[in-house]
Amino acid sequence: MPLARCTSGGGDGGAAAIWTPPFCTIVAADTSDFSYLSCLRCELALPDGAASCFACGGAQPAPSRVYRLLLSLATHDRVVPVVLFDRAARTLMGCPADDLARFFAAHPGSARAAAEALRGEMCRVVLRSPTRNRKGAGAADERLRAVSIVPLRDEFRPVVDALRTLYPRG
């Protein structure tokens, strides 16, 4: 799907194209592999278990888990695969990726429940075409990126709140 047909920006040639559909519905969320370890200094993706960044040598602050949440969004005429990185994903999830990873580990089945909680949620989203200049970029780099996402339902609760209701401490 060429984004150029539905852009409302990016006319300077070098900037990524921006698309803001009137509304979207989340039709699927992949919560099985929703985050990665990142250097907080240079933002490089690190292998799981890394204690420091091999690129910048940063050991302080320690690497942190950040979101890379994959969604399928339905617009009025198509379904598009989208990736939400940390800031946008926190809007939906309601907590840092480290906290959600610990919650999923402590509560079997909660990752599937998180995906179900997102399904059907209507939102307003600003999408950007993927950047192509990052070394080692994976498949998620080919997806549209959500720059911002705003749930439209007045009663919207972040996913972690719904999960805490389903899986109370005990």
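A helix crossing is left-handed if the near helix is turned anticlockwise from the far one by less than a right angle, and right-handed if clockwise. In this predicted model, the crossing of helix 3 and helix 4 is right-handed.

**Helix 3 against helix 4**
- Helix 3 spans residues 110-118 and helix 4 spans residues 159-166.
- The two pack at an angle of about 125°, and their axes lie 10 Å apart.
- That angle makes helix 3 oblique to helix 4.
- Helix 3 contributes Ser-110, Ala-113, Ala-114 and Leu-118 to the contact.
- Helix 4 contributes Val-159, Leu-163 and Leu-166.
- By class, this contact has six nonpolar residues, one polar residue and no charged residues.

- In helix 2 (residues 97-106), the buried residues are Ala-97, Leu-100, Phe-103 and Phe-104.
- These residues cover an arc of only 120° around the axis, so they sit on the same side of helix 2.
- Arg-102, Ala-105 and Ala-106 are exposed on the other side of helix 2.
- Cover for the buried residues of helix 2 includes strand 3 (35-38) and strand 5 (64-74).
- Helix 1 (86-93), helix 3 and helix 4 are also among the elements that cover them.

**Helix 4: the buried side**
- Val-159, Val-160 and Leu-163 are the buried residues of helix 4.
- Their arc around the axis is only 95°, which puts them on the same side of helix 4.
- Helix 1, helix 2 and helix 3 are among the elements that cover these residues.
- Val-159 and Leu-163 also take part in the contact with helix 3.

Terms used: Residues numbered from 1 in each chain as written. Predicted model: local features only at pLDDT ≥ 70, side-chain atom pairs only at ≥ 80, totals over all residues. Heavy atoms only, no water. Axes fitted to C-alpha atoms, helices over the stretch in contact; angles between N-to-C directions. Helix = DSSP H or I, 4+ residues; strand = E, 2+ residues; numbered from the N terminus. Parallel < 35°, antiparallel > 145°, perpendicular 65-115°, else oblique. Contact = heavy atoms within 4.5 Å. Nonpolar A, V, L, I, M, F, W, Y, C, P; charged D, E, K, R; others polar. Buried < 20%, exposed > 50% of the residue type's maximum accessible area, 1.4 Å probe, protein only. Arc of directions from axis to C-beta.
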